[in-house]
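Please keep the coordinates open while reading.

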Amino acid sequence: MASHTQNSPASQTTDQTTGQPKWQFWIDRGGTFTDIVARKPDGSLLTHKLLSENPERYADAAIQGIRELLDVPAGEKIPAEKIEAVKMGTTVATNALLERKGDRTVLVTTTGFRDALRIAYQNRPKLFDRNIKLPEMLYERVIEADGRFDAQGEELTALDRENLRKDLQAAFDDGIRACAIVFMHGYRYTAHENAAAEIAREIGFTQVSVSNQVSPLMKLVSRGDTTVVDAYLSPILRRYVDQVAGELGGVKLMFMQSNGGLTDAAKFQGKDAILSGPAGGVVGMVRTAEMDGFSQVIGFDMGGTSTDVSHYDGEYERDFETQVAGVRMRAPMMKIHTVAAGGGSILHFDGARFRVGPDSAGANPGPAAYRRGGP
């Protein structure tokens, strides 16, 4: 599956301390394939392609691709001093959301509002549908915490820390490690949310997402949904980022966010990673089209797990509140429509009709055509 292609020279990147040119890597890590563009010290470009998962050969495709381009044998340390930067877009979070494979999550909210995110806004986007399918909730358990501020910031009820600790401990004992905390008026009056987060961390929750930090804005439902998404996806994202960063040593590592901008790996969060890979595709599409004089473009990007459609008419289209795979979020992101149907999506027959996706054969074992026992 791997391939090397050399293209025309580009401008060199040099180490400001030694004056020596360095390598740069741009990586798109999809659910099925990982694509790499590298700029060598002499300014020439290389491209490389690998299966995103191939456990018999390597632990991570991005790291393996860098190894192969630098001719570093397996087991040897990647020479960080030769690399200027690694910039990545990844669909790790996107695919986890599409396939509902995030971490087990508990929602902590104000007493009386356990069903607020389920009830939501009662929108009917398809007015005449008789079979209404409610979106699947990402949290598996709800804890109602006694404690309430009013809209003016007056504490109506003190936070019952003892009961909250007992309920959180029970969730932790059941194996849940991600916690989303969303209280009424918590975006502005943060004392109760922060106290609950402190209790969760003391108990040992490894991912604690607090609404006044994740989405500090009005509206309980959209603030709550965004916080739950962050708690659900951040652990799987953090494991991947830490794996890559650990192999690269001190190399500058940056990730593409859903809004089309880059951020440092340490600041990469679940809520900003939903369209990480596709957002990079939109930016690349626009720059490529502009070089040929086109300012009005429709983008169609079919990967192995999902298909992404976008539009450009002279400026990037962004949404602040959006819905991806049935999940509402309030975070700035490129306006991209994503469906869980790609080249490797699995075909099902439920006795009445065929259905494609949302689960994908991925790269391991891959579709039946890979001859590795896949569907």
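## Domain interface

Six residues of domain 1 are in contact with seven residues of domain 2, contact meaning heavy atoms within 4.5 Å. The model is a predicted one, in which local features need pLDDT of at least 70 and side-chain atom pairs count only at pLDDT 80 or more, whereas totals for chains, interfaces and linings use all residues. Residues are numbered from 1 along each chain as its sequence is written, and side-chain values use heavy atoms, with hydrogens and water left out. The protein chain is divided into domain 1 (23-97 + 238-272) and domain 2 (102-232), with bounds that come from an automatic or database domain assignment, and the centres of the two domains, taken over C-alpha atoms, are separated by 33 Å.

Between them, domain 1 and domain 2 bury about 540 Å², of which 53% is on carbon and sulfur atoms; buried area here is the accessible area (1.4 Å probe) that two parts lose on being put together, summed over both. On the side of domain 1, Leu 97, Arg 239 and Lys 271 lose the most area to domain 2, together accounting for 67% of what that side buries. One salt bridge is counted between the two domains, the term requiring a side-chain nitrogen of Lys or Arg within 4 Å of a carboxyl oxygen of Asp or Glu. Arg 239 forms a salt bridge with Asp 103, the closest N and O atoms being 2.9 Å apart.

## Nonpolar cores

The largest nonpolar core has 71 residues, among which Phe 25, Ile 66, Val 86, Met 88 and Leu 248 touch the most other members. Such a core is a set of buried Ala, Val, Leu, Ile, Met, Phe, Trp, Tyr and Cys residues joined through side-chain atoms within 4.5 Å, where buried means under 20% relative accessible area (1.4 Å probe, protein chains only). Because domain 1 and domain 2 both give residues to this core, it lies between them.

Leaving aside neighbours within four places in sequence, Leu 248 is in contact with Ile 63, Ile 66, Ile 78, Ala 80, Val 86 and Leu 253. Apart from this core lies another, of 22 residues, including Ala 145, Ala 171, Ile 181 and Ala 200.

## Gly 304

Gly 304 is buried, with a relative accessible area of 17%. Although Gly 304 and Gly 31 are 273 residues apart in sequence, their C-alpha atoms are 6.2 Å apart in space. Beyond its neighbours within four places in sequence, Gly 304 is in contact with Thr 32, Gly 342, Gly 343, Gly 344, Ser 345 and Ser 360.

Key. Buried < 20%, exposed > 50% of the residue type's maximum accessible area, 1.4 Å probe, protein only.
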